[in-house]
Amino acid sequence: MPFPHASLIAAAPDPTPEPLLTPVAPAPGQGSAGTTDVPLPAQPGTTVSGGFLPDWSVGEWLGYSGIIVLALALTIVATTTLWWMLHAWRSADDLRATQFSSTPRPARHRFTLLVPGRHEEEVMGQTLDRLAQQDHPDFEIIAIVGHDDPGTELVVRQAAARHPALIKVVVDDSVPKNKPKALNRALQIATGDVVGVFDAEDEVHPGLLTVVDSKFQETGADVVQGGVQLMNFETSWWSLRNVLEYYFWFRSRLHFHARSKFIPLGGNTVFVTRDRLEWSHGWDDQCLAEDCELGVRLSSDGAKVVVAYNPEYVTREETPPTLKSLYKQRTRWNQGFLQVLGKGEWKALPTLRQRLYARYLLNMPFLQAATGLLIPISLAFILLVKVPTPVALITFLPLVPTVITLVAEAAGLTEFGRVYGKKVRVRDYVRLVLGLVPYQVFLAAAAVRSVVRQLRGDGSWEKTEHTGAHREGAPTPGSGERVLVAAATEATR
């Protein structure tokens, strides 16, 4: 039998399998036949050549950085606000330190109580009657009305006739009118060595002057700031949040500011020694937040400010009757802060920490305004642009202090209801939660408006209306007074 050809023998396959080999990627340009290596484009969010920075375009860097900065800024603002509002509850000692003495000392000071009012005929008569019921042995009341406000003047003069030994009437003929001008006008005839300020709608506890007098003696203070509390949380969704703002502000935050030795004073239930008011030449009648301005000047000069809050002795007030009225009020307050910032009195504070703290607090309207402008831009950016995961996670940082704040507000609402004998319902907690975002947007809008007004040089005074909603079932004023007020107003037309 003939042998196979040698070439066939060489081509026969070897039945023994080859060992498994680890595959080696071909070098660039040496791929399989018929293929060509094409480098893949860098994907957004990937690193460049193993580096540490994302491979973003210039636009992506600007957009993502803006979102990150905004998120961090909101987190800082929310965290500091939370820290301040919980100051009084950090310990039992802190809570006790915020209160008036339970055993007040015998009276030593003479008080002058200033009550300015403009178009307040609905509420001012009863306020003066309540102030006249103070159990302190030595005080006077000066009611200030405008020369062009016959309705309020009539109510005030009737109150003075009911309490001739206590109430004086001062007619302010300044133009244009505002609250600090009225206060300065009355200060000229004040006889007390301590001067207190109240608003036309205030409900004041009859023992307030006694505990304030004692606080001056116990502490040697130049200023004593008492508590003020809005009461009508049931009126609307935003009145609930407005009431809680006051609760945390006077119950806790002002005590923190006083301890830090830089405090924007409240607009009423504030008592200042006559010596300090003469040093400061009264109130700045060009400032829309004369209370804040006075507090800053006194703080910068080293005055001792003491804040005291007892639910029993708080001055009760109402929220502004409409959202528009609240909007104007917040605009005025914010613009007043900007005016105080521009005056620069805070630069005289003795320590760098106080100056930084003052700058931050007085800049709050700018921060709120910037937040109000940037929030919709950021939300649109997040919804319309694919955001990398790390950036998306950072945007959730402000939620942490915000959620904690919401829990603290719910606890504060419960305590408010218990302390003041108000029934808090489930729907009130629902309104509290649902109103969180709308109310913050509202505050930001008011801050934007304050910045615009300040830049335009518009310093006109926008008055807050009062209706007496915080007075439970009490006529304000009486029916006879209403008739006389209407007649007096009609006679001037």
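Let's start at Phe111, which stands opposite Val194 in β4. Strands here are DSSP runs of E with at least two residues, helices are runs of H or I with at least four, and both are numbered from the N terminus. This is a predicted model: local features need pLDDT of at least 70, side-chain atom pairs count only at pLDDT 80 or more, and totals for chains, interfaces and linings use all residues. Residues are numbered from 1 along each chain as its sequence is written, and side-chain values use heavy atoms, with hydrogens and water left out.

Stay with β4. β1 and β4 pair in the parallel sense, over four bridges. Pairing takes at least two DSSP bridges between two strands. β4 also meets β7, again through four bridges, but these two run antiparallel. There, Val195 has Val272 of β7 as its bridge partner.

Is β4 covered on one face or on both? Both. Val194 and Gly196 are buried on one side, Val195 and Val197 on the other. Buried means under 20% relative accessible area; exposed is over 50%, partly exposed in between, with a 1.4 Å probe and protein chains only.

Back to Phe111. Its ring pairs with that of Phe271, edge-to-face, at 5.8 Å centre to centre and 90° between the planes. The rule: rings of Phe, Tyr and Trp (its six-membered ring) pair if their centres lie within 6.5 Å; planes under 30 degrees apart are stacked, over 60 edge-to-face, the rest tilted. Phe111 is in strand β1 (residues 111-117) and Phe271 in strand β7 (residues 270-273), so this pair ties together parts 160 residues apart in sequence. Phe111 has 0% relative accessibility and counts as buried. Phe271 is buried too, at 0%.

Now the other rings. How many aromatic pairs does a search of the whole structure find? It finds 18. In one of them, the rings of Trp84 and Tyr360 have centres 5.9 Å apart and planes at 70°, so that pair is edge-to-face. Trp84 sits in helix α2 (residues 58-85) and Tyr360 in helix α12 (residues 352-362), so the pair links distant parts of the chain, 276 residues apart. Trp84 is buried, at 5% relative accessible area. There is also a cluster: ring pairs link Trp89, Phe233, Tyr247, Phe248, Phe416 and Tyr420.

Two arginines next. Arg90 lies over the face of Trp83, 3.7 Å from the ring centre. Arg276 has its charged end over the ring of Trp279, 5.3 Å from the centre. The test is NZ of Lys or CZ of Arg within 6 Å of the ring centre and within 35 degrees of the ring normal.

Next, helix α6, residues 179-187. Eight of its nine residues are buried. Among them are Lys179, Lys181 and Asn184. What covers the buried residues? The cover includes β1, β2 (139-146), β3 (167-172), β4 (194-197), α9 (274-279) and α10 (290-300). At the start of α6, a side-chain oxygen of Asn178 comes to within 2.9 Å of the backbone nitrogen of Lys181.

Last, the whole protein. It has 18 helices and nine strands. Of its 493 residues, 48% are buried. Contact means heavy atoms within 4.5 Å. Of the contacts with a separation of 6 or more, 83% are between residues 24 or more positions apart.

Note on methods:
Polar contact = N/O pair within 3.5 Å; in protein donor to acceptor, adjacent residues only side chain to side chain.
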